[in-house]
Amino acid sequence: MALIDCPSCNKKISDKADNCPHCGFGLGEASSEDIVRKQQLKKFKKLHSIQNQSMFAMLLFIAGFGFMYWGGADKGDLQYNLAVLSVVIGFVWYIVNRVRIVIIKRFSS
Ligand SMILES: [Zn+2]
């Protein structure tokens, strides 16, 4: 008996089980083609959500950057500090999302 990942919820299940005990996914009924299709759909959705997040991170970065230069707040002001903070968060978040996309693309193809 070997453990495999449930194609629906990704938890470890026995390869002899007909149904996933966690989510009830019917392994017996699903052809390998169904499973592959389901995994690809999940990967696509995940990539899509990460891409949305990196878009948002970039907007945060640009907005913070623009405010730093043209917002009229002086260094040390709360608004200025918030702008710097959003630049930093936006930048780091963007990088993290790019790395996640690369990892997903590299390891699941
Ligand atoms: Zn499951």
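Me: A salt bridge is a side-chain nitrogen of Lys or Arg within 4 Å of a carboxyl oxygen of Asp or Glu. How many salt bridges does the structure hold?

Reply: There are two salt bridges in the structure. This is a predicted model, in which local features need pLDDT of at least 70 and side-chain atom pairs count only at pLDDT 80 or more, while totals for chains, interfaces and linings use all residues. Residues are numbered from 1 along each chain as its sequence is written, and side-chain values use heavy atoms, with hydrogens and water left out.

Me: OK. Which residue does Lys-16 meet in a salt bridge?

Reply: Lys-16 pairs with Asp-15, at 3.7 Å from N to O. Side chains of opposite charge can pair when their charged atoms come close.

Me: And Lys-12, which side chain does that one meet?

Reply: The partner of Lys-12 is Asp-5, with an N to O distance of 2.8 Å.

Me: Is Lys-16 buried or exposed?

Reply: Exposed, at a relative accessible area of 61%. The cut-offs are under 20% for buried and over 50% for exposed, with partly exposed in between (1.4 Å probe, protein chains only). Asp-15 is partly exposed at 34%.

Me: What about Lys-12, buried or exposed?

Reply: Lys-12 also counts as exposed, at 53%, and Asp-5 is partly exposed at 39%.

Me: Changing topic. Which residues hold the zinc ion?

Reply: The protein donors are the SG atoms of Cys-6, Cys-9, Cys-20 and Cys-23, lying 2.2 to 2.3 Å from the zinc ion. Donors are N, O and S atoms within 2.8 Å of the metal (3.2 Å for Na, K and Ca); water is not among the atoms, so sites may look incomplete.

Me: What is the spacing of those donors along the chain?

Reply: The spacing is C-x2-C-x10-C-x2-C. Cys-9 sits in the loop between β1 (3-5) and β2 (12-14), and Cys-23 in the loop between β2 and α1 (32-70), so this pair ties together parts that are 14 residues apart in sequence. Helices (H or I, at least four residues) and strands (E, at least two) are DSSP runs, numbered from the N terminus.

Me: What geometry does the zinc site have?

Reply: Tetrahedral, with angles of 105 to 113° among the four donor atoms. Four donors get that label if all angles lie between 85 and 135 degrees. The ideal angle for four tetrahedral donors is 109.5 degrees.

Me: What is the phi of Asn-10?

Reply: Phi of Asn-10 is near 70°, a positive value in a residue other than glycine. Most residues other than glycine have a negative phi. Asn-10 lies in the loop between β1 and β2 and is partly exposed at 46%.

Me: Zooming out, how is the protein divided into domains?

Reply: Domain 1 covers 1-30 and domain 2 covers 41-107; such bounds come from an automatic or database domain assignment. The centres of the two domains, taken over C-alpha atoms, are 37 Å apart.

Me: Which residues make the nonpolar surface patch?

Reply: Val-88, Phe-91, Val-92, Ile-95, Val-96, Val-99, Ile-103 and Phe-107 make a patch of about 730 Å². Patches take residues with over 30% relative accessible area and no salt bridge, joining like charges within 9 Å and nonpolar side chains (Val, Leu, Ile, Met, Phe, Trp, Tyr) within 5 Å. The areas come from the Shrake-Rupley method with a 1.4 Å probe, and for residues, only the protein chains shown count as cover.

Me: Where is Ile-103?

Reply: Ile-103 is in helix α2 (residues 78-107), and is partly exposed at 43%.

Key. Tetrahedral: all angles 85-135°; square planar, octahedral: opposite > 155°, others 65-115°.
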